[in-house]
Amino acid sequence: MRPLSLHLLAPLALCAACAGKSADSGAAATDSGDAPCTPVAWPLDADGDGYAGDDTVDACDRPDNTSDVGGDCDDSRADIHPGATETWYDGTDQDCDGASDFDADGDGFDTDTTGGDDCDDGRADVHPGATETWYDGTDEDCDGASDYDADGDGFDTDTTGGDDCDDSR
């Protein structure tokens with residue numbers, strides 16, 4: 001076997017010299033023979049939860065604190081990221097879905113307990129503007145009127161203990 005000449009090993013040495021160089025180590029070759037490095041913007045996962053936020057870190061080799069999965073809406077807290085369990089009504093969007101933290105049933109109306117107008121935030125079919133189903137005991141449209149007074153005359157139907165013998169007019 002013939003020994004390798006030094007001029008064949010020189011490019012390998014230059015590649016090895018560049019390995020691990022960060023963006024601030026300089027992109028140009030130096031007098032010492034280091035090969036140039038082209039930094040890459042790596043998505044930064046500052047809180048270590050496996051999800052990157054909007055920030056990046058420039059480096060030639062991938063740093064440990066990066067992730068290919070983005071969407072972290074608060075990269076300073078590891079308990080906040082896409083897929084996290086939402087804690088309703090605390091004012092924090094733990095799962096980063098951008099939806100209101102005060103609309104647990106997802107019907108587009110915030111709960112009335114925090115200034116909204118949804119009278120039952122556990123049911124998506126109950127909200128302002130929903131179709132009222134009379135005599136079922138639920139105020140589907142959240143208007144506050146009795147569910148047993150379909151004609152709106154102020155008297156509940158006699159079939160449920162009220163005084164109105166004709167709740168149709």
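Residues are numbered from 1 along each chain as its sequence is written, and side-chain values use heavy atoms, with hydrogens and water left out. Because the model is predicted, local features need pLDDT of at least 70 and side-chain atom pairs count only at pLDDT 80 or more, whereas totals for chains, interfaces and linings use all residues.

The protein holds one helix and two strands, and read from the N terminus on these elements follow the order α-β-β; helices (H or I, at least four residues) and strands (E, at least two) are DSSP runs, numbered from the N terminus. Of its 169 residues, 27% count as buried, where buried means under 20% relative accessible area, exposed means over 50%, and partly exposed lies in between (1.4 Å probe, protein chains only). The accessible surface amounts to about 10400 Å², with 52% of it belonging to carbon and sulfur atoms; such areas come from the Shrake-Rupley method with a 1.4 Å probe, and for residues only the protein chains shown count as cover. As for contacts (heavy atoms within 4.5 Å), 13% of those between residues at least 6 apart in sequence join residues at least 24 apart.

The charged side chains come next. Side chains of opposite charge can pair when their charged atoms come close. A search of the whole structure finds three salt bridges, each defined as a side-chain nitrogen of Lys or Arg within 4 Å of a carboxyl oxygen of Asp or Glu. One of them joins Arg62 to Asp68, with the closest N and O atoms 3.0 Å apart; Arg62 is partly exposed at a relative accessible area of 36%, while Asp68, at 65%, is exposed. Another links Asp79 with Arg77 at a closest N and O separation of 2.9 Å, and here Asp79 is partly exposed at 43% relative accessibility, as is Arg77 at a relative accessible area of 33%. In the pair of Asp125 and Arg123 the closest N and O atoms are 2.8 Å apart, with Asp125 partly exposed at 42% and Arg123 partly exposed at 31%.

Which residues gather in a patch of negative charge on the surface? They are Asp153, Asp156, Asp158 and Asp163, under a definition in which patches are made of residues with over 30% relative accessible area and no salt bridge, like charges being joined within 9 Å and nonpolar side chains (Val, Leu, Ile, Met, Phe, Trp, Tyr) within 5 Å. Lys and Arg count as positive and Asp and Glu as negative, while His and the chain ends are not counted; the place of a charge is taken as NZ of Lys, CZ of Arg, CG of Asp or CD of Glu. Asp163 lies in the segment after strand S2 (56-59) and is exposed, with a relative accessible area of 69%.

Asp141 also has its place in the segment after S2, but Asp141 is buried and yet has no salt bridge, the nearest side chain of opposite charge being that of Arg123, 12 Å away. Leaving aside neighbours within four places in sequence, Asp141 is in contact with His127, Pro128, Gly129, Ala130 and Glu132.

Most residues other than glycine have a negative phi, and most peptide bonds are trans. Cys96, however, has a positive phi near 55°, and Cys142 likewise has a positive phi of about 55° although it is not a glycine. Cys96 is placed in the segment after S2 and is buried at a relative accessible area of 17%; Cys142 lies in the segment after S2 and is buried at 18%.

Pro82 sits in the segment after S2 and counts as partly exposed at 22% relative accessibility; Pro82 and Gln94, 12 residues apart in sequence, are 7.6 Å apart in space, C-alpha to C-alpha.

Finally, Gly50 lies in the loop between strand S1 (40-43) and S2 and is partly exposed, with a relative accessible area of 33%. Beyond neighbours within four places in sequence, Gly50 is in contact with Asp45, Ser67 and Val69.
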